[in-house]
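Take a moment to get the structure up on your screen. We'll walk through it a piece at a time.

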Amino acid sequence: MFLFLEWKSSTQNTLTLIQYGAKYNPLIMEGEWWRFFTPIILHIGLLHLLMNSVALYYLGTLVERIYGSGRFVFIYIFAGFAGSLGSFIWNTSISAGASGAIFGCFGALLFLARTNPRFFFRTMGSSFIVIIVINLIFGFVAPNVDNAGHIGGLVGGFLAASIVSLPKQKKLYIQIPAFICTLLLVGSLLFYGYHERSVYQDEPYALSIAATYLQQKQYEEAKDAIKLFVEKGTGNSNVYFVSASAEFYLENYQEAKQQLKQAVKYDSTFHEAYYNLALVNMKLNDIPAATKNIDKAIALEPQNEKYEKLKQEIGN
C-alpha cells in the first residue's frame with residue numbers, strides 16, 4: 001500500500017490518504033465505516049512506515065509467540081480498530097498507520113503481566129512498563145502524533161487479549177465478562193461518536209480539506225468533504241462559500257445560488273460571496289439580481305477592480 005500510494009501521488013499527500021482509506025471523521029459520519037480498519041495498512045511517509053515496521057517485527061513476533069497466530073491476528077486487528085475508534089472520538093485530523101495495532105501488542109503484554117506477573121517480570125521486567133510510558137509521553141508532547149489512537153489501541157489490545165486469553169489457559173470467568181464489557185464499551189463509543197459528539201468540531205479541518213480539493217479542481221471531492229456540515233445547517237459562512245464554489249464549477253447554478261445566500265445570511269459583510277452570487281445570477285440570466293449583488297460587493301469593497309469590471313459587464 002505504501003508503494004501504491006507513492007506511485008499514485010505521495011503517502012504524505014492528505015488528499016491521497018483520504019482517497020485510499022485514512023481515518024477522516026466526516027466520511028465516517030457519512031457511513032464509510034471501513035475507515036475504522038483501513039488506516040492500519042496506510043502510513044504517512046517512509047519514516048513512519050519504518051518505525052512501525054521495526055516495532056511490529058520485535059513486538060509483534062513476541063506477542064505471536066506467546067498467544068499464537070490466530071489470537072495474535074484478532075488482537076492486532078481489534079486493537080487497530082480500537083485505535084481508529086479512539087481517534088474518531090477525540091482527534092479531528094486525518095490519521096493513518098499501524099500504531100494503534102502495535103500499541104495493542106503492548107496491551108496484550110499488559111494482560112500477560114496481569115494474569116502471569118511472575119512470568120512477565122522474569123522475562124520482560126518493569127522496563128517494559130517504562131517503554132509504554134515513554135511512548136505515551138512522546139505522543140502527548142510531539143506534534144502530529146495521534147495519542148488518542150495509541151491509547152485506544154492499548155486498551156483494545158488489553159481487552160482483546162482478555163477475550164481470547166492465553167493458549168491452554170481457558171478462563172471463562174475472565175473471558176465472558178471481558179467480552180461483554182468490550183461490547184458495551186465499543187457500542188457506547190460508537191453511539192457517542194455518531195449521535196452525541198458534536199460533528200462541528202471536525203468542521204475547521206474539513207473546510208481546509210475542501211479548500212485544498214477546490215484549488216486542485218477536484219470539485220466533487222470538495223463538495224463531499226463538507227457535505228455533512230451543509231446538510232446539518234452550519235452557521236459557518238465559509239463552508240457554504242466553498243461548497244457553492246464547487247457547485248458553480250460543476251454548473252449546478254441553482255444549488256450554488258442557495259448556498260451563497262446562506263453564506264451572506266451568516267455574514268452580511270462577505271463581499272466575495274456577493275460577487276460570486278452576481279456571477280451565478282448572470283449564469284441564470286437574472287440581470288437585476290446580478291446588479292443588486294455586485295453593487296453590494298462594491299459597497300463593501302469599493303477598491304476592488306474585479307468587482308467594477310463585472311459591474312460593467314452586467315451593464316453591457
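Predicted model: local features only at pLDDT ≥ 70, side-chain atom pairs only at ≥ 80, totals over all residues.

Residues are numbered from 1 along each chain as its sequence is written, and side-chain values use heavy atoms, with hydrogens and water left out.

Let's start with α14 (residues 253-266) and α15 (residues 271-283), whose axes come within 9 Å and cross at roughly 155°. (Helices here are DSSP runs of H or I, at least four residues, numbered from the N terminus; axes are lines fitted to C-alpha atoms over the stretch in contact, with angles from 0 to 180 degrees between N-to-C directions.) That makes α14 and α15 roughly antiparallel, the word for angles over 145 degrees. Residues making this contact (heavy atoms within 4.5 Å) include L260 of α14 and L277 of α15.

Now look at α12 (residues 219-232) and α13 (residues 237-249): their axes also come within 9 Å, crossing at roughly 145°. Among the residues in contact are I226 and F229 of α12, along with V242 and A246 of α13.

Finally, find D202, in the loop between α10 (172-196) and α11 (203-215). Is D202 buried or exposed? Its relative accessibility is 1%, so D202 counts as buried (under 20% relative accessible area, with exposed being over 50% and partly exposed in between, using a 1.4 Å probe and protein chains only). Leaving aside neighbours within four places in sequence, D202 is in contact with N25, P26, T92, R197 and F229.

Definitions and conventions
Helix = DSSP H or I, 4+ residues; strand = E, 2+ residues; numbered from the N terminus. Parallel < 35°, antiparallel > 145°, perpendicular 65-115°, else oblique.
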